[in-house]
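Subject: Structure handover

Hi,

Please have a look at it alongside the text.

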Amino acid sequence: MSPEPTLAGRRAVVTGGGNGIGAACVRELAARGAHVVVADRDEAAASAVAAETGGETWVVDLDDTAGLDDLALEADVLVNNAGIQVVRPIEEFDPADFRRIQRIMVEAPFLLVRAALPHMYARGWGRVVNISSVHGLIASPYKSAYVTAKHALEGLNKVTALEGAARGVTSNCVNPGYVRTALVERQIADQARTHGITQEEVLEKVLLVEQSVKRMVEPGEVASLVGWLTGPDAGMATGSSYTLDGGWHAR
């Protein structure tokens with residue numbers, strides 16, 4: 001059954017929308033009636049998803065944060081999803097990689113929220129959804145840059161919620177555990193190399209060991225929650241973090 005067209009007439013922007021969680025969010029929001037801008041540095045991937053959903057493509061490199069300083073973004077819904085991962089012990093972590101992750105996953109979301117809020121405020125309605133992670137709430141070894149960035153995104157989310165509350169704008173984080181995406185598949189390979197074990201052992205002994213539900217999250221499950229957070233029943237949901245972690249936090 002298709003979702004109700006609760007976002008008809010709304011314009012949404014999804015970063016990292018060319019694949020994985022981002023593409024699933026594009027499909028969910030389009031099914032709810034939004035005109036979706038698929039923002040991605042991969043033009044071919046973004047164009048394919050945009051063509052599938054009747055949206056449009058925005059080719060953007062979020063590592064070039066200076067290019068976003070003067071941006072004005074006409075978005076009623078903003079989904080900050082784009083991200084990268086590097087798995088290394090702190091003493092071996094390349095400072096350039098650490099800085100790049102902060103630019104893409106902290107600076108860029110800040111600049112996009114900054115660019116979108118005037119439009120949202122003018123219309124008296126807006127929805128910001130930040131795809132955070134279970135690692136926005138807790139830490140794991142070898143992920144110093146990613147954990148730092150996701151914790152910072154949680155802080156940005158709360159401030160956005162407080163500032164936007166009186167203007168009809170909500171802001172929330174979605175915090176999945178390990179999602180079945182290319183990013184996580186690369187992470188599994190990195191963890192295997194770091195620990196000197198097989199990729200199957202990474203799933204069993206590293207990634208899913210803290211979860212009660214022993215499987216990865218599907219991108220569509222994340223997108224479904226994003227859809228709810230942009231819908232009519234979520235007006236009182238703001239400044240919060242919604243976990244999809246298979247019981248990780250129940251331990």
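Strands S5 (residues 126-131) and S6 (residues 169-176) run parallel and are joined by six bridges; strands and helices here are DSSP runs numbered from the N terminus, with helices being H or I of at least four residues and strands E of at least two. Within this pair, isoleucine 131 has valine 174 of S6 as its bridge partner.

Before going further, a word on the source: this is a predicted model, in which local features need pLDDT of at least 70, side-chain atom pairs count only at pLDDT 80 or more, and totals for chains, interfaces and linings use all residues. Residues are numbered from 1 along each chain as its sequence is written, and side-chain values use heavy atoms, leaving out hydrogens and water.

The predictor's confidence in each residue is given as pLDDT, from 0 to 100. The protein chain averages 95, and 100% of the residues score at least 70. Helix H5 (residues 182-195) has the lowest confidence, with a mean of 82, while strand S4 (residues 77-80) has the highest, at 99.

Now the sheet. It is open, has seven strands in the order S3-S2-S1-S4-S5-S6-S7, and its pairing is parallel (two strands pair if DSSP finds at least two bridges between them). Strand S3 (56-59) and strand S7 (241-244) are the edge strands, each pairing on one side only. From one strand to the next, the twist averages 20°. Helix H3 packs on this sheet, where it touches strand S1 (11-15), S3, S4, S5 and S6, and its direction makes about 170° with that of S4. Contact means heavy atoms within 4.5 Å, and angles run from 0 to 180 degrees between N-to-C directions, with axes fitted to C-alpha atoms, for helices over the stretch in contact.

H3 (residues 95-123) also meets helix H4 (residues 144-164): their axes come within 8 Å and cross at roughly 15°. That makes H3 roughly parallel to H4 (angles under 35 degrees count as roughly parallel, over 145 as roughly antiparallel, 65 to 115 as roughly perpendicular and the rest as oblique). Among the residues making the contact are Phe98, Ile101 and Met105 of H3 and Ala149, Leu153 and Leu156 of H4.

Finally, the axes of helix H1 (residues 20-31) and helix H2 (residues 43-53) come within 10 Å and cross at roughly 20°, so H1 and H2 are roughly parallel to each other. Ala23, Val26, Arg27 and Ala30 of H1 make the contact with Val49, Glu52 and Thr53 of H2.

Best wishes
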